[in-house]
Amino acid sequence: MLTWLPEGKKAAICFSIDDIHPAKSSDYYEAGGDLDKGSLGLVKWLLDRHPKLKVTLFTTADWREISPVPTRKLLASIPYLRDKVFLAKRWKKGTMQLDRHPEFVEFLNNMERAEIAFHGLYHCHKGLKVPVEFQDQTEEEFDCIIKEMLRIFDTSGINYVDGICPPGWNAPDKLLNQLVEHKIKYINSARDIFTNISKDALANMSGLKGVPLIFPSLLKNNKLLHIPANFQATSKPERARQIIDNSGLLSIKAHIIKSAMGHIALDGVDQEYMSYLDSLFSSIDKEYGDSIWWTSMGEITNHIFSHNKA
Ligand SMILES: [Zn+2]
């Protein structure tokens, strides 16, 4: 089995947030762009209260999605044709491009115990599943998308780790091949908040299926690490304890946008969710103390690749 916990640790906790981009509350919705005054301020509040906690911010290079669901209803009702067109209005290319928002980049770079990783190039796709950016593309197309995503991250000066959470969690095999080609080290795809917890439980909800639900695992000839997500705002504290008692990775997921055009995210960052995690973390810390490895996806990846040499 994969050696993944540092010596002396019995279980681990990581926390990741999707959909980070520069949109402000004066735009369609806020996604981190209000800095301290917006949702990231709430995340900082939680980090301040838990000095061991780390967070991974999955950030989109040039966010273009406006509505997460089709708004061109007539087009959306026509089979075949609907797969060929964008079914909702999009931001003009470049509007939310990271290098055009230096204040936002600087804020993320200065956030303590926060690591930034990739969350797609545009976060949208033609057809009914608007936010699922990686679908039926060819390897050449994935190659172009990843190159452009990397170019924008590098141009912006943002500090990032080589990991990705694919928008909508969908990770076709051709994408995985191209991630390896571009030396992206980890992927956070499988998200399952329902399957019962046990050591051999497999993920069976969003994203990759059949991968371990509470442990990291290696894909693609051990070149790509998969890290699952298994807990969110609606999960009960017992689920967290079961994962820890099984020596697993409690991997908590949130979304930075609470309400997008009237679509409410159950795991959106708000004071209520952050307060829930605040009390959960306090009780875990009290009960398990130093046996918990408070870590991040990037740190887990570095640890595994340095301890499991092929
Ligand atoms: Zn997303």
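Biologist: Is R113 buried, exposed or partly exposed?

Modeller: R113 counts as partly exposed, because 16 C-beta neighbours lie inside 10 Å; a residue is called buried if 20 or more other C-beta atoms lie within 10 Å of its own, exposed if 12 or fewer, and partly exposed in between, with the C-beta atoms placed from the backbone. Please keep in mind that this is a predicted model, in which local features need pLDDT of at least 70 and side-chain atom pairs count only at pLDDT 80 or more, while totals for chains, interfaces and linings use all residues. Residues are numbered from 1 along each chain as its sequence is written.

Biologist: And where does R113 sit?

Modeller: R113 lies in the loop between α3 (102–109) and β3 (114–118), where helices (H or I, at least four residues) and strands (E, at least two) are DSSP runs numbered from the N terminus. The phi of R113 is near 55°, a positive value in a residue other than glycine. Most residues other than glycine have a negative phi.

Biologist: Which loop holds M261, and what is its phi?

Modeller: M261 is placed in the loop between β9 (259–260) and β10 (263–264), and although M261 is not a glycine, its phi is positive, at about 50°. M261 is partly exposed, because 13 other C-beta atoms lie within 10 Å.

Biologist: Switching to C165, is that one buried or exposed?

Modeller: C165 counts as buried, because it has 28 C-beta neighbours inside 10 Å, and its place is in the loop between β4 (160–164) and α5 (173–181).

Biologist: What does C165 touch?

Modeller: Leaving out residues up to four places away in sequence, C165 touches S16, D18, F58, A117, H119 and N188, a contact being two residues whose C-beta atoms, placed from the backbone, lie within 7 Å. The C-alpha atoms of C165 and D19 are separated by 9.6 Å, although these residues are 146 residues apart along the chain.

Biologist: Then α5 itself, which residues are buried there?

Modeller: In α5 the buried residues are L175, L176, Q178 and L179. They lie on the same side of α5, because they cover an arc of only 165° around the axis, the arc being that of the directions from the helix axis to the C-beta atoms. These buried residues pack against α4 (139–156), β4, β5 (186–187), β6 (217–219) and β7 (224–226), and α5 is followed by K183, whose phi is positive, near 60°.

Biologist: Now the α6 and α7 pair. At what angle do they pack?

Modeller: Helix α6 (residues 237–245) and helix α7 (residues 271–288) pack at an angle of about 35°, with their axes 11 Å apart; the axes are lines fitted to C-alpha atoms, for helices over the stretch in contact, and the angles run from 0 to 180 degrees between N-to-C directions. In this contact P237, A240 and I244 of α6 meet L280, I284 and Y288 of α7.

Biologist: What is α6 like on its own, which residues are buried?

Modeller: The buried residues of α6 are A240, I243 and I244. Seen down the axis of α6, these buried residues fall within an arc of 95°, so they line one face of the helix. They pack against β1 (11–20), β8 and α7, whereas the face of α6 turned away from the buried side carries the exposed residues E238 and D245. Just after α6, S247 takes a positive phi of about 60°.

Biologist: And which residues of α7 are buried?

Modeller: Y273, M274, L277, F281 and I284 are buried in α7. They are on the same side of α7, because they cover an arc of only 90° around the axis. The face turned away from that side carries the exposed residues Q271, E272, S279, S282, K286 and E287, while the buried residues pack against α1 (39–49), α6, β8 (249–255) and β11 (292–294).

Biologist: Last one, F281: what does it touch?

Modeller: Not counting residues up to four places away in sequence, F281 touches H50 and L53. F281 counts as buried because it has 21 C-beta neighbours inside 10 Å, and F281 and L46, 235 residues apart in sequence, are 9.7 Å apart in space, C-alpha to C-alpha.
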